[in-house]
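The sequence and the structure are shown below.

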Amino acid sequence: MTIANFITALRIPLSLGMLFFPALSMPFYFLYVTAGFTDMIDGTVARLKNQTSGFGAALDTAADTVFAVVCMIKLLPVLSLPVWLWVWIGIIGTVKIFGIVRVFAAEKKLLSEHTVMNKLTGALLFILPLTLNFVDIRLSGSIACIAASFAALQEVYISLSR
């Protein structure tokens with residue numbers, strides 16, 4: 001187990017730990033920020049230490065998935081999202097699924113593009129819960145959805161270019 005893979009793997013128990021605390025509580029935020037920090041540094045550590053690997057990439061995807069699912073379980077019930085924002089999120093999800101299915105059909109692999117727009121979307125989604133007390137969710141959600149829309153369309157474009 002490399003240092004980078006250890007950092008990545010740490011995101012899984014940190015994420016699961018969030019399930020045991022009320023959403024938006026201090027312990028929840030501590031685990032949330034720590035898990036997010038592991039996501040920010042694992043790839044950098046892997047590249048700096050020349051520890052990149054297929055296993056590390058797959059572990060990162062698994063850890064990201066656990067983190068995302070736990071965040072949805074904990075945060076979506078406490079967010080008051082307007083219907084139009086839910087519809088927009090649903091459209092983005094549909095476009096992203098189309099891109100994933102298209103790549104899988106062509107290459108028989110589940111691939112996720114690590115584009116700048118995907119990274120920007122991830123950063124915006126990460127900071128969104130941290131801003132709930134002072135930024136209207138309609139504004140922060142719209143900004144995140146704009147970035148996510150461009151990222152999803154970019155993924156489909158890349159998948160059609162393969």
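In this predicted model, Trp84 and Trp88 both lie in helix 4, and because they are four residues apart they are separated by about one helical turn. An α-helix has 3.6 residues a turn, so residues three or four places apart point the same way. Trp84 is partly exposed, with a relative accessible area of 42%, and Trp88 also counts as partly exposed, at 25% relative accessibility.

A search of the whole structure finds five aromatic pairs, and two of them are set out here.

| Pair | Distance of ring centres | Angle of planes | Class |
|---|---|---|---|
| Tyr32 and Phe67 | 5.5 Å | 35 degrees | tilted |
| Trp84 and Trp88 | 6.5 Å | 35 degrees | tilted |

Phe126 leads on to helix 5, where Asn118, Thr121, Leu124 and Phe126 are buried. The buried residues of this helix pack against helix 2 (26–48), helix 3 (54–75), helix 4 (83–107) and helix 6 (137–161). Helix 5 itself, residues 116–127, has 12 residues and reaches 17 Å from its first C-alpha to its last, close to the 16 Å expected at 1.5 Å a residue.

Methods:
Residues numbered from 1 in each chain as written. Predicted model: local features only at pLDDT ≥ 70, side-chain atom pairs only at ≥ 80, totals over all residues. Heavy atoms only, no water. Helix = DSSP H or I, 4+ residues; strand = E, 2+ residues; numbered from the N terminus. Expected span 1.5 Å × (residues − 1). Buried < 20%, exposed > 50% of the residue type's maximum accessible area, 1.4 Å probe, protein only. Contact = heavy atoms within 4.5 Å. Phe/Tyr/Trp six-rings, centres within 6.5 Å; stacked < 30°, edge-to-face > 60°.
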